[in-house]
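Subject: Structure handover

Hello,

Here is the structure I said I would pass on. Please load it before reading the notes.

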Amino acid sequence: MSAISDQAYLRVLPAQKLPPPAERTGIFNWLRENLLSSPTNIVLTFLCILLFAWAVPPLIRFFLIDAVWSGTDRDACLASPAQMHPGACWAFVRVWVSYFVYGFYPLAERWRVDLFFVALTLGIVWLARLSTPRRDLGALYFFVGLPILSFILLHGAPLIGLPVVPTSLWGGILVTVVVATIGMVFSLPLGILLALGRNSEMPVMKLAAVGFIEFVRGVPLITVLFMASVMLPLFVPEQFAPDKLVRALIGVALFASAYMAEVVRGGLAAVPRGQYEAARALGLTYWRMMGLVILPQALRVTLPNIVNTFIGLFKDTTLVFVVGVFDFLRTVEAARADPKWTTPNTTVTGYAFAALFYFVCCYGMSRYARSVEAHLTRAGRR
Amino acid sequence: MAERADNGQSPLPDVAVEIAGLHKWYGEFHVLRDINLKVARGERIVICGPSGGGKSTLLRCINRLEDWQRGTIVVDGVELTDDPKHIVAVRRDVGMVFQQFNLFPHLTVLENCTLAPIWVRHMPKKDAEALAMNYLARVRIPDQANKYPARLSGGQQQRVAIARALCMNPNIMLFDEPTSALDPEMVKEVLDTMVELAADGITMLVVSHEMGFARQVADRVILMDEGQVIEINAPKGFFEAPQHERTRSFLKQILH
Ligand SMILES: Nc1ncnc2c1ncn2[C@@H]1O[C@H](COP(=O)(O)OP(=O)(O)OP(=O)(O)O)[C@@H](O)[C@H]1O
Ligand SMILES: [Mg+2]
């Protein structure tokens, strides 16, 4: 019909294989493409530079350049002819840092806490690094061995010559880490059970799980903590009531497990129905099907969300002070009231230190979640 | 064959599957209407019929992936009831292959095959792996054993799924449209595997529209439509002299 469709074609010479054209590289190209690509982009770029120039130098000046790094009392951090505008009082943090880490844990026993930190780090690295061998053993260590070991180390076992250190002496980062870790270690399995209960076909299980999850999610953590600490003695005689720290731990773990349940449920929903059918057709029982086929896939896709929940949990641990537990933030609070160190900058420095600690921990978890996500996308195993 | 004989303690009955007066409803919808079918030991049955006719549902009742409201199904002498013991006993004995393969993506090919022998049959890992390699060799993919399913082609995945089912040494195999999700060039490799399996004498119920396969291996062909068995016939009669009007129109549609 048309001239074009009438033209027949037959290739005579093969088309050559060519390397791709060189990419435009170099710093100027990068700047132009990323920062200055449009008028809006140019305006935004300059606004950001202005904001940066306005905010960052004073911070650097205060926290680094003008900061006081050493000293034995407040005089070091007060204005003097030598230092007219002293900055952050890091000397205060240096003097108090062992209190921030251990609380009132007896000096002679602090090696036990150090050992606990080492054992915990080992467990985290073993579990978290996807390339380490025998991660199943790692999980066993983390979820069974480590809790027992930690209890013996931190609480003490007179039988093997470790004197008991009552939890009222524990404090600081030790307590924060213990609360957060126990919260994570218990909330994951509890959350899985709750999620399975919620998906269950048995009405009673389902109702119980839904009731618990919705109740806990509808109440602030602070209320759960108060209830764990105030209402428990109503049910259990005072002398059998667990101590303050344990009550806080129970509160945090229950609270986190309700959130974890919803996260796990999301992961379960991502597993196709065919996986259940194939597992059942092979004769696997419910628990084996869940443990061997469904949960490994569900937890894998939802790992970033699990870590997100852990980050929330880690920050929520700061609330345990309401039931009289001395967590890290609480030790900073207590230390800044020390009359020996009252200076205009003590409080700011103390809180900056606390913020830095929480930021490093949470950012680390967040980076980890991202890298796992990237790994899973690369592996492309659904 | 030798591996299969030692499966049950008592000799297997001559009737592999007996379905009597089976009715099933999804809510108000009557999916299976009065199904009666006896499948003899070693018999190969191909079920075909228009979409939505209830073929998959019937197959899935045989290993109790679905339950039903009326009628009975007896598989290798075990009546399927709500009793979980009976259900597990039947599932150990009946292998199933799905249209979408349904391999476990987080496990390697070998682990897919050894999972059930280890956890359901309580076989030592070494033995389970030897058994799995044996079946993977029979479906001609022993060299892929340590890959993850996502790395395999559709035809290879379906052959792994067949090997995975065979690793339980089933007496009966169910296939639900095993080649429908495959690209045309892969259909043959899967059908060849199934033809070999048929030659071994295992009892097979296959939902399929591969009429060449049906002619070659089926002892009987069944047409299902609107939840009913319309016609059961030997392949020759089924294809050359279909009795029922619906069979004729169905065959006309799919053979052109
Ligand atoms: N879980 C379910 N709930 C409600 N209706 C269903 C369900 N599963 C299947 N059905 C309906 O039951 C009927 C039979 O479905 P079935 O999958 O057995 O058909 P089929 O013969 O295998 O068809 P196809 O060739 O499309 O696979 C269909 O109309 C389908 O919509
Ligand atoms: Mg179907």
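Predicted model: local features only at pLDDT ≥ 70, side-chain atom pairs only at ≥ 80, totals over all residues.

Residues are numbered from 1 along each chain as its sequence is written, chains are lettered from A and ligands numbered from 1 in the order in which they are written, and side-chain values use heavy atoms, with hydrogens and water left out.

Salt bridges

Over all chains, the structure holds 27 salt bridges. The rule asks for a side-chain nitrogen of Lys or Arg within 4 Å of a carboxyl oxygen of Asp or Glu. Helices (H or I, at least four residues) and strands (E, at least two) are DSSP runs, numbered from the N terminus. For accessibility, buried means under 20% relative accessible area, exposed over 50%, and partly exposed in between (1.4 Å probe, protein chains only).

In chain A, Arg336(A) pairs with Glu333(A), with 3.5 Å between the closest N and O atoms. Both residues belong to helix α13 (residues 328-336) of chain A and are 3 residues apart, about one turn of the helix. Arg336(A) is partly exposed at a relative accessible area of 28%, and Glu333(A) is partly exposed at 23%.

In chain B, Glu66(B) forms a salt bridge with Lys24(B), the closest N and O atoms being 3.8 Å apart. This pair links distant parts of the chain, 42 residues apart: Glu66(B) is in the loop between α2 (55-62) and β4 (70-75), and Lys24(B) is in strand β1 (residues 15-26). Both Glu66(B) and Lys24(B) are buried.

Arg41(B) and Asp76(B) also meet in a salt bridge, at 2.5 Å from N to O. Arg41(B) sits in the loop between β2 (29-40) and β3 (44-48) of chain B and Asp76(B) in the loop between β4 and β5 (78-79), so the pair ties together parts that are 35 residues apart in sequence. Arg41(B) is partly exposed, with a relative accessible area of 28%, whereas Asp76(B) is buried, with 10%.

Through shared partners, salt bridges join Arg273(A), Glu277(A), Lys24(B), Arg60(B) and Glu66(B) into one network.

Interface of chain A and chain B

Counting heavy atoms within 4.5 Å as contact, 21 residues of chain A are in contact with 24 residues of chain B. The two chains bury about 2000 Å² between them, 61% of it on carbon and sulfur atoms; buried area is the accessible area (1.4 Å probe) that two parts lose on being put together, summed over both.

The rule finds 1 salt bridge across this interface. The side chains of Arg60(B) and Glu277(A) meet in a salt bridge at 2.9 Å, N to O. On the side of chain A that touches chain B, α11 (273-281) and α12 (286-316) each supply at least two residues. The largest share of that side, 8 residues, comes from α11(A).

Ligand 1

The residues around ligand 1 (a heavy atom within 4 Å of it) include Tyr26(B), Phe29(B), Val31(B), Lys55(B) and Glu177(B). A polar side-chain atom of Ser51(B) lies 2.6 Å from an oxygen atom of ligand 1, and one of Thr57(B) lies 2.4 Å from an oxygen atom of ligand 1. For Gly54(B), a polar backbone atom is 2.9 Å from an oxygen atom of the ligand.

Regards

Conventions:
Polar contact = N/O pair within 3.5 Å; in protein donor to acceptor, adjacent residues only side chain to side chain.
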